[in-house]
Structure formats: C-alpha cells, structure tokens
Amino acid sequence: MVGMDVDAPFAEWSQDDARKQQNAERNELLQAPKTRPTRIVAMGGGTGLPMVLRGLARRATPKPGSPGVDITAVVAMSDDGGSSGRLRRLHGALPPGDIRNCLVALAGGKSALKDVFQYRFGGAKGLAGHAVGNLLIAALAELKGDFLEAVRLSGELLGAQGQVLPSTLASVQLVAQMHDDTEVVGERNICRAHGRVRRVSLSPRSPPPVDGLLEAIYSADLIAIGPGSLYSSVLPNLLVDGVAQALKETRALKVMVANLMTQPGETDGMNCLDHVQAVIEHVGPVLDAVLVNGRQPTEESIQRYARKGSFVVTAETRELLSSGVIPVQADLLKDGSKIRHDSRKVAACLLKMARSGL
C-alpha cells in the first residue's frame, strides 16, 4: 500500500508533465510566423533552387517589423555529370555541385569566399572543370568521414544564411522510363537521350532521408518545390523514403514554383498542369498551390528561345483547380533579355503566402 501511495502521485505528475511538454511544443509550432522566423523548406536542385535561396537569404536576418526567415534547402543527390560526376566515379564521393551552389546562394553578398567556391579550373586535364567548392566539400567529407558535417562546415566558412541538406546520404542514381519504353540510367544519360520521360525512380529505391529532413518538413510554415528540371531536380527529392508522406501530413503550405519555359529533351510540350500531374502521379497529392508567372516575356525573347526548342509553360486556372491545386499568379519575371525568375519577386511571394496563407 505504501508503495502504491508513493508511486501513484509520481505517475500522475509524469503524465501531466508530458502533456505540458506536448502542448508547449504544439504551441511553439503553431505560433504565428509574425512573432518568430518564418520557416521555409526549399526543395530542388540545378539552377532553380539557388535562385529561390538568393531571394530568401536577403530576408533571413531579423529586422524591426520582420522576424526573419529560417531557411532549409533540400538538394537532390542524383547528379552524375560534370565535376560532381567525376568525383563520384573516381572517389566514390557524394555529388557536391548543387550543394555548393545552394551554399553560395545563401551566403548573400557578404562572403569573400563565394568567388573562390565557384571558381573552375581551366585546361583539359587533371583539375580542369572542377569547381574549388566541390573539391573542398569532397575533401572535408573525407577528412571528417561525414558528408553532412562537410556541408555544415562549408556553410560556416561562407556565412550561409540557412542550412543545406542533401535529401539522402545514399549513393543514388536516377532511372528514367521513356515514352518508347526504354530505360535510361543516370542523370547525364537521361539528358542526352532527348526523349520524352514517362517516369523516374531512384536506384536503390526509397533511399533513407538524411537526419533532420523530415523534421524540417513537419515544422515548416511553407515548402517550396522547384523551379527546375522536373525529372532530374524536383522529383528525385520527393522519391526519398518518407518525404512524400511527410509532405502529406505536414501543416505547411506546399507550393510548387512553376517553370517559366519548357526544357528541351525533358519537358517538351508540357504545360503547368502537366508538371503538376507528373508530381501527383509519382508521389500523390502533395501540392496545395502552384506559383505561376503572370507577366508575358517579350515576343523577341520568346522567339529566341523557340529557336532552341524551349517554349513558355502555359497555365490554365480552371485546369489547375480541377487537379486540386490552387494557382497563384504574380509577376515573377526578371528584367532583361533572358527569360528567368527574379529571386526577389519569388521570395516576396513565398513569404507572403507563408505568413498570410492563400
């Protein structure tokens, strides 16, 4: 009896304490972004993800009236071309190229090391074609025995305004099933195939997510997916084990940033709805909205791109709504002769959506 009298209050206290802890964690997660940094997870690769990050990095530091932005970049790890591919084949390294570009984008304009990280050696042999940042990340990974630690240390050197996570630490290859039923293995080979991709997968299938990735998704206010190469930069992140399920379960707003132009040999003839449906077909309904450019490029620019086989990605509001995704239209175009996203405009739209909703 004495034992029961002593244990019962302790058990009751433990349950109350656990409930208080859970409520504190829940309240912290639900706390309005106006009173804490807005948490944004940006997923992709190639040139699209760094564009988003450059805009967000400018808003990262808290200022009067603005709580700042907590940025997590999630990078696809299936790149096997160029310098990254050579490091993979010769040293068994994980591909550092897209990681490097994201770290540099998050460094903003303050780091003197940015130009060093991006410098590529010339010539035809040896170090030719390698970016210094790629070699540094690969060297740190060998030195520390930990690729994730190498990325973190590189971010510290650059003063990156956020963290960069590889989607997985598994050595993965991209596999594409083409419309003619052939199978192509390797990202660089898919780019060279110049055929319509039907579906992509990772080999090995469903590689484990890197530590911290799923937690970042669950605690985010907004998940930005893209822009970038649909099959080689965007989808590989979503095929990592647990990512699609986390996207379905998170309270975060999931926004796909629509591509401006089709990519020759990969998304020929695809409109915005086709891009959205490709995501749905691969991983299910993980998108809430799609951010679409509403400003038409100049006719001269359109014709110049058309000669290279690249065309404007059109978006029909009614079709997108019928697919269960809300289109949000804004001027996202960068001034100049090239048809590119403006990082400041994209970041402003994403932050407004994260803080105010749709």
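The model is predicted, and the values below are computed from its atoms.

**Helix H3 against helix H6**

- Two packed helices are described by the angle between their axes and the distance between the axes.
- The crossing in which H3 passes H6 is right-handed, and by class the contact comprises 3 nonpolar, 4 polar and 1 charged residues.
- On the H3 side the contact is made by Ser83, Ser84, Leu87 and His91, which meet Asn134, Leu135, Ala138 and Glu142 of H6.
- The buried residues of H3 are Ser83, Ser84, Gly85, Leu87 and Arg88, and the elements that cover them include helix H4 (97-106) as well as H6.
- Glycine 92, which follows H3, has a positive phi near 65°.

**Helix H6 against helix H7**

- From H6, the residues Leu136, Ile137, Leu140, Ala141 and Lys144 meet Phe147, Glu149, Ala150, Leu153, Ser154 and Leu157 of H7.

**Aromatic pair**

- The structure holds 1 aromatic pair, formed by tyrosine 119 and phenylalanine 121, whose ring centres are 5.6 Å apart and whose planes stand at 80° to each other.
- The pair is edge-to-face, because plane angles over 60 degrees fall in that class.
- Both partners are partly exposed, tyrosine 119 with a relative accessible area of 46% and phenylalanine 121 with 29% relative accessibility.

**Backbone geometry in loops**

- Most residues other than glycine have a negative phi, and most peptide bonds are trans.
- Serine 203 and proline 204 are joined by a cis peptide bond with omega about 0°, and proline 204 lies in the loop between strand S6 (197-203) and helix H9 (213-219).
- Serine 206 is also placed in the loop between S6 and H9; its phi is positive, near 45°, although serine 206 is a residue other than glycine, and at 45% relative accessibility serine 206 counts as partly exposed.
- A cis peptide bond with omega about 0° also joins glycine 226 and proline 227, with proline 227 in the loop between strand S7 (222-225) and helix H10 (230-238).
- Aspartate 181, which is not a glycine, has a positive phi of about 75° and sits in the loop between strand S4 (173-178) and strand S5 (183-185).
- Aspartate 181 counts as exposed, with 61% relative accessibility.

**Glycine 48**

- Glycine 48 belongs to helix H2 (residues 48-57) and is buried, with a relative accessible area of 7%.
- Between glycine 48 and arginine 199 the separation is 151 residues in sequence and 21 Å in space, taken from C-alpha to C-alpha.

Definitions and conventions:
Residues are numbered from 1 along each chain as its sequence is written. This is a predicted model: local features need pLDDT of at least 70, side-chain atom pairs count only at pLDDT 80 or more; totals for chains, interfaces and linings use all residues. Side-chain values use heavy atoms; hydrogens and water are left out. Rings of Phe, Tyr and Trp (its six-membered ring) pair if their centres lie within 6.5 Å; planes under 30 degrees apart count as stacked, over 60 as edge-to-face and the rest as tilted. Buried means under 20% relative accessible area, exposed over 50%, partly exposed in between (1.4 Å probe, protein chains only). A crossing is left-handed if the near helix is turned anticlockwise from the far one by less than a right angle, and right-handed if clockwise. Helices (H or I, at least four residues) and strands (E, at least two) are DSSP runs, numbered from the N terminus. Contact means heavy atoms within 4.5 Å. Ala, Val, Leu, Ile, Met, Phe, Trp, Tyr, Cys and Pro count as nonpolar, Asp, Glu, Lys and Arg as charged, and the others, Gly among them, as polar.
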